[in-house]
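This note is intended for a colleague meeting the structure for the first time. Please keep the model in view while going through the points below.

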Amino acid sequence: MKKNLVTLLAVAFSAVMLNVVFNVGIVSAADTIELKLSEIHPQGYPTELGDEEFARLVKERSQGRINITVFPGGQLGGDEKAVVEQVQMGAIDFARISLAPVLQFAKELSVLSLPYIYRDSAHMWKVLSGPIGQDLLKSVDKANLVGLAYYDAGARSFYNSKKDIKTVADLKGMKIRVQEAKLMMDLVRALGASPTPMATGDVYSALQTNVIDGAENNWPSYISFSHYQVAKFYTVDKHTCIPEILVGSKKNFSNLSKADLDLISKAAKDAVEFQKKKWAESEKVNEEKAKAAGCKITYLDAKTIAEFQKAVQPIYADYKDYADLIKKIQDVK
Ligand code: BDP
């Protein structure tokens, strides 16, 4: 009888213990949040390094409870347009994308990428991290996205496989690939060239097969996408700066607590300085790589840049509803 009671107690105790262990296991499993981030660039590219830093901060500050896996090289979701749709639907939690594919959802965002709107990188960053940029970051909400932070993408310039572009007139009639954004089509048209919107991943073969004559991008992308191998004329005209943006899925964020959302949002902002540093290093390294690879690089003088600026002025008229905002941006010292 006594023995039976001991056995019974032992069984009951083990059951309780199992339950505790089991429950603890369940609780912690349920408590761990696994999230995915899509990045078109390969591992080591400065935006990808920014993503990794963001994920690291989130993990550290949540004591390992929130785990963000970065999927580089476009392996999660495909091209940027498709990725945006999947973030909107909640199939992907985060994406680092160019601002270009979200301009269609919030026209006011285009003011941040108007040609030659910034005097230099310091001016751009004053705008992006100041009240104007931070207010505009919220406008991606209209696209069912949560704007978390801007990343640096420097300035974009033209490159092509045909000839050395030294003046605006040299661009006349050239077929130039642009990102899928009206602003970029208008910009190329204003310079007398013919815009061909196309997904990033198709540009290399389009250059190779002469479907297009050229494209435009910053130094790190020119090298990383291997475009320099098939379009060796690069003209440093710096016609526009299109910031990168880190976005989250509004749909999926509704499952997160306010405290976790704050933690994520702060980590994104805190990763920016790191990303900017990596960007600056990468711009220099890749400009040098282009030189070493024998690319024909043309640096335009101030007078020629002024001609480019004049040619793109008509675009500003399309944004007259935002004239005050544009003036405010230009006035940021
Ligand atoms: C690069 C951006 C990338 C864009 C690409 C493009 O980092 O997000 O997709 O340009 O032109 O600079 O498609």
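**Notes on helix packing and the ligand site**

1. The crossing of H2 and H10 is right-handed (the near helix is turned clockwise from the far one by less than a right angle). Helices are DSSP runs of H or I with at least four residues, numbered from the N terminus.

2. The model is predicted, so local features need pLDDT of at least 70 and side-chain atom pairs pLDDT 80 or more, while totals for chains, interfaces and linings use all residues. Residues are numbered from 1 along each chain as its sequence is written, and side-chain values use heavy atoms, without hydrogens and water.

3. H2 (residues 46-61) packs on H10 (residues 258-270) at about 140°, with axes 8 Å apart; axes are lines fitted to C-alpha atoms over the stretch in contact, and angles run from 0 to 180 degrees between N-to-C directions. The pair is therefore oblique, the class left after under 35 degrees (roughly parallel), over 145 (roughly antiparallel) and 65 to 115 (roughly perpendicular).

4. H2 also packs with H11 (residues 272-292), their axes coming within 8 Å and crossing at roughly 160°. H2 and H11 are therefore roughly antiparallel. Residues of H2 that meet H11 include Leu49 and Glu53, and Trp279 is among those on the H11 side (contact means heavy atoms within 4.5 Å).

5. Residues around the ligand (a heavy atom within 4 Å) include His41, Glu80 and Arg96. Polar side-chain atoms of Arg156 and Ser221 lie 2.8 Å and 3.3 Å, respectively, from an oxygen atom of the ligand.

Note on methods. Helices (H or I, at least four residues) and strands (E, at least two) are DSSP runs, numbered from the N terminus. A polar contact is a pair of N or O atoms within 3.5 Å; within protein, one must be able to donate a hydrogen and the other to accept it, and residues adjacent in sequence count only if both atoms are side-chain atoms.
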